[in-house]
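Please look through the sequence and the structure shown below before reading on. The paragraphs that follow lead from the overall fold to an annotated site and then to pairs of charged residues.

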Amino acid sequence: MLKLAGQITKRLFFTLTTLSGAYALTAYIYNKCFPQSVTFNREFISKRFVRNLDHLQDKDTIKVLIITGGGVRGLIPLYVLQYIEKNLGKPINEVFDVFAGVSTGAVIATGINIPGKAIPDYYGKNISHLDYLINIYKDETTYIFKSPWYHKLLTGAGLFSPAYFGRRLHEIMEKYYTKDLKFNDLDNYVIIPTLNIDSGEIFLFKNRGDAALDLPTNSLYQLVTAAASAETAFPPVSFESMKSNFQSSFKIYPTAKEKGICCVFADAAIAINNPSSLILRDIIHEFPEKKYYILVLCSGYPKLLSSSMKYHSLRKWGRIHWAHDALTNIQRSMDKNQLYTLEIAKILSQKGRIEYDFLNVDIDHPFVGIFDYDLLHHLKYYSEKLIKENKCSLRNIIRHLNRMD
């Protein structure tokens, strides 16, 4: 009996070892040879096509809308913007002067500034910008964030290579933003923070002023694809051109390699999910001696797991248990630091010169992760929760915006 048990154990061990080896080899080949890439042509913008910012120089107050990252939870600020728009009685793109957003916020900041005539009629004609974006989120997030079983298995759910297909994000951006729409065609001044992979620094895509000359392309859908390509979820986006097309005045890569020019960008949320202080500093530099109003809309704070644990369980936690809360706290700390900076700027400036509002909501139960496409229906509840918890602040925001017009 013991001999038979030993033989079974040996066979089982041999089978498991063989399967593990086969998986390791298949996964290695798959992640080494088959990861997708997203590559666009790098095209330079002629100075004669650059639109200036002269109209903002005449403004007494520069109004800035900033939308943070958050994946599918971008529906939360979209619903809140719908509420604000309804109570203002005018489109959001006619209320603010500058729009900025990171990751999913970049999709929103650009989407609400598409010229009305340029919006494709997938959802009928004369649709509002916010309704258009909400429909895109509802209809396309499943396609973007649902990967085949074999891809999840062989990538270790994103551990070894990107968890989702970059071409799908690219296809959706191309479909709803169209190939013809240019970044400088947008109705207003839009600033999109991205991560410059080569330098590791934050780089700002700007569609107005001389800074537009530094863009890797003027194609809107391509820039938004790069800005929304979250690390570990999608591959970074490469803009490539041959040396013959390179202009020495291009400022991103002044020391590019001789054999060809390539610049790579990705989602900036990993470094600066809430870019409030960065955007304010940039706006003050461009438009000094003005008043500034900033509205920051967030996509929800994930709840700390430790906050719902009883002490007898919490005392046993080690690194593997604290890892989730560590990452969550990094995001919370980044957002809080931005708020501290805004508050310091407000305190140190002349009274009334810098004003800001910040709206966010805790994502508790049911929890919706940034890639949880199958839980979208809960986000309406969270937007209503945010509105209810900030009813007084929203009334003041609406009154403030009306007064500044």
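How many helices and strands are there in the protein chain? There are 14 helices and 11 strands, where helices (H or I, at least four residues) and strands (E, at least two) are DSSP runs that are numbered from the N terminus. This is a predicted model, in which local features need pLDDT of at least 70 and side-chain atom pairs count only at pLDDT 80 or more, whereas totals for chains, interfaces and linings use all residues. Residues are numbered from 1 along each chain as its sequence is written, and side-chain values use heavy atoms, with hydrogens and water left out.

To picture the chain as a whole, begin with its extent: the C-alpha atoms fill a box of roughly 90 × 60 × 45 Å, taken along the principal axes. The radius of gyration, which is taken over C-alpha atoms, can be set against a globule rule of 2.2 Å times the number of residues to the power 0.38. For 405 residues a compact globule would have a value near 22 Å, and the 24 Å of the protein chain agrees with this. Of the 405 residues, 49% count as buried, a word that here means under 20% relative accessible area, while exposed means over 50% and partly exposed means in between (1.4 Å probe, protein chains only). If contact is taken to mean heavy atoms within 4.5 Å, residues 24 or more positions apart account for 77% of the contacts with a separation of 6 or more.

Next, turn to the annotated site. In an unreviewed UniProt entry, the annotation "active site" covers Ser103 and Asp267. They span 165 residues in sequence, yet no two of their C-alpha atoms are more than 5.6 Å apart, so they gather at one spot. UniProt positions are given in the numbering used here, feature names are shortened, and such annotations may be inferred rather than shown by experiment. Ser103 is found in the loop between β3 (98–101) and α4 (104–111), whereas Asp267 lies in strand β7, which covers residues 261–267. Are these residues buried or exposed? Ser103 is buried, with a relative accessible area of 8%, and Asp267 also counts as buried, at 1%. Their side chains make a polar contact at 2.5 Å, a term for a pair of N or O atoms within 3.5 Å in which, within protein, one must be able to donate a hydrogen and the other to accept it, and for which residues adjacent in sequence count only if both atoms are side-chain atoms. Leaving aside neighbours within four places in sequence, Ser103 is also in contact with residues including Gly69 and Ala227.

The last part concerns salt bridges, each of which is a side-chain nitrogen of Lys or Arg within 4 Å of a carboxyl oxygen of Asp or Glu. By this rule the count comes to 9 salt bridges. One of them joins Asp210 and Lys47, with the closest N and O atoms 3.9 Å apart. Asp210 lies in the loop between β5 (201–206) and α8 (220–227) and Lys47 in the loop between β1 (38–41) and α2 (54–57), so the pair ties together parts that are 163 residues apart in sequence. Another is formed by Lys206 and Glu286, whose closest N and O atoms are 3.5 Å apart. Lys206 lies in strand β5 and Glu286 in helix α10 (residues 276–286), so this pair ties together parts that are 80 residues apart in sequence. Lys206 is buried, at 9% relative accessible area, while Glu286 counts as partly exposed, at 22%. Together with Asp282, Lys206 and Glu286 are linked in a network of salt bridges.
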